[in-house]
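Please look over the sequence and the model below before reading on. The report that follows takes up a pocket, then the packing of helices, and then the backbone of a loop.

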Amino acid sequence: MKYIEYARKLADTMMKKYEAKDLPPENTFFYHQGVFLAGMYELYKATGDEKYYNYVKDWVDSVIDEDGDIIGYSDKVPFELLSEKAKKTKLTLDHKQPVILLFPLYEKTGDERYKKAIETVIGEFKKWKTNELGGYWHMETQANQMWLDSIYMAGPMSLLYDEFKGDQKLREKAIDQAIIMHENMMDYESGLYYHGFDPSKETIWSQND
């Protein structure tokens, strides 16, 4: 029980400090908010306290408009008016992670905006670049590089989409990512994983084993 109380205190502190729409970086569909709010949604499930659910929903509704278009994914907001983070929305897996919040919101509300937003994110994700081993690039601007971050950015949404639409290909690719990383990024001496891996050896830090 004490862990739930700690979680409540942390969540309540953040709610007191920020309105949902003001969570940094503002006006951006980004993992900073997505990771935190995924935890808050779990707190809602554990406690049944609707204020946590409402906070998650309020943030999502601040970055998805009445037509189901996500800020940074649509052209409704001129590019020059986007935040610096939002300008990179289509370039990194970091900007895909918050989609995991949309699945339970759609299930609970049936709001078609969330379904449209899910399909937008997953539609782009299905075209995501991979390296010669089949590993997802973490960023469009960092060719071939796999980062441990991607396990969380891409994995959960792949599994949730499989449950949502029965898309086993994404589930299988998510499993493949974990295998590729384990085989190529594990330092068996320490038992820890290297944070990044570039099979092409084009990146300076990857040129020496």
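In this predicted model, the lining of the second largest pocket consists, by class, of seven nonpolar and two charged residues, with no polar residue. The residues that form this lining are Ala38, Tyr41, Glu42, Lys45, Ile100, Leu101, Pro104, Tyr152 and Leu160, and the volume of the pocket is about 200 Å³. Two helices, H2 (31-47) and H6 (149-165), each contribute at least two residues to the lining, and H2 provides the largest share of it, namely four residues.

| Helix pair | Angle between axes | Distance between axes |
|---|---|---|
| H3 (residues 50-63) and H4 (residues 102-109) | about 110° | 11 Å |
| H5 (residues 112-125) and H6 | roughly 120° | within 12 Å |

For the pair H3 and H4, which pack at an angle of about 110°, the two helices are therefore roughly perpendicular, since angles from 65 to 115 degrees count as such. H3 passes H4 in a left-handed crossing, and the contact brings Glu50, Tyr53, Lys57 and Val60 of H3 together with Leu102, Leu105, Lys108 and Thr109 of H4. Sorted by class, this contact holds four nonpolar residues, one polar residue and three charged residues.

The crossing of H5 past H6 is left-handed. On the H5 side the contact is made by Lys115, Ile118, Glu119, Ile122 and Phe125, which meet Ala154, Met157, Ser158, Tyr161, Phe164 and Lys165 on the H6 side. By class, seven nonpolar, one polar and three charged residues make up the contact of H5 with H6.

Most peptide bonds are trans, and most residues other than glycine have a negative phi. Which form does the peptide bond from Pro24 to Pro25 take, cis or trans? This bond is cis, with omega near -10°, and Pro25 is found in the loop between helix H1 (2-17) and H2. Asn27, which lies in the loop between H1 and H2, has a positive phi of about 55° although it is not a glycine.

Terms used:
Residues are numbered from 1 along each chain as its sequence is written. This is a predicted model: local features need pLDDT of at least 70, side-chain atom pairs count only at pLDDT 80 or more; totals for chains, interfaces and linings use all residues. Side-chain values use heavy atoms; hydrogens and water are left out. Axes are lines fitted to C-alpha atoms, for helices over the stretch in contact, and angles run from 0 to 180 degrees between N-to-C directions. Angles under 35 degrees count as roughly parallel, over 145 as roughly antiparallel, 65 to 115 as roughly perpendicular and the rest as oblique. A crossing is left-handed if the near helix is turned anticlockwise from the far one by less than a right angle, and right-handed if clockwise. Contact means heavy atoms within 4.5 Å. Ala, Val, Leu, Ile, Met, Phe, Trp, Tyr, Cys and Pro count as nonpolar, Asp, Glu, Lys and Arg as charged, and the others, Gly among them, as polar. On a 1 Å grid over the protein atoms alone, a cavity is a set of points where a 1.4 Å probe fits but cannot get out, and a pocket is an open set with protein on both sides within 12 Å along at least five of seven lines; lining residues have an atom within 4 Å of a point. Grid points are joined across faces, edges and corners, and a volume is the space filled by probe spheres set on the points.
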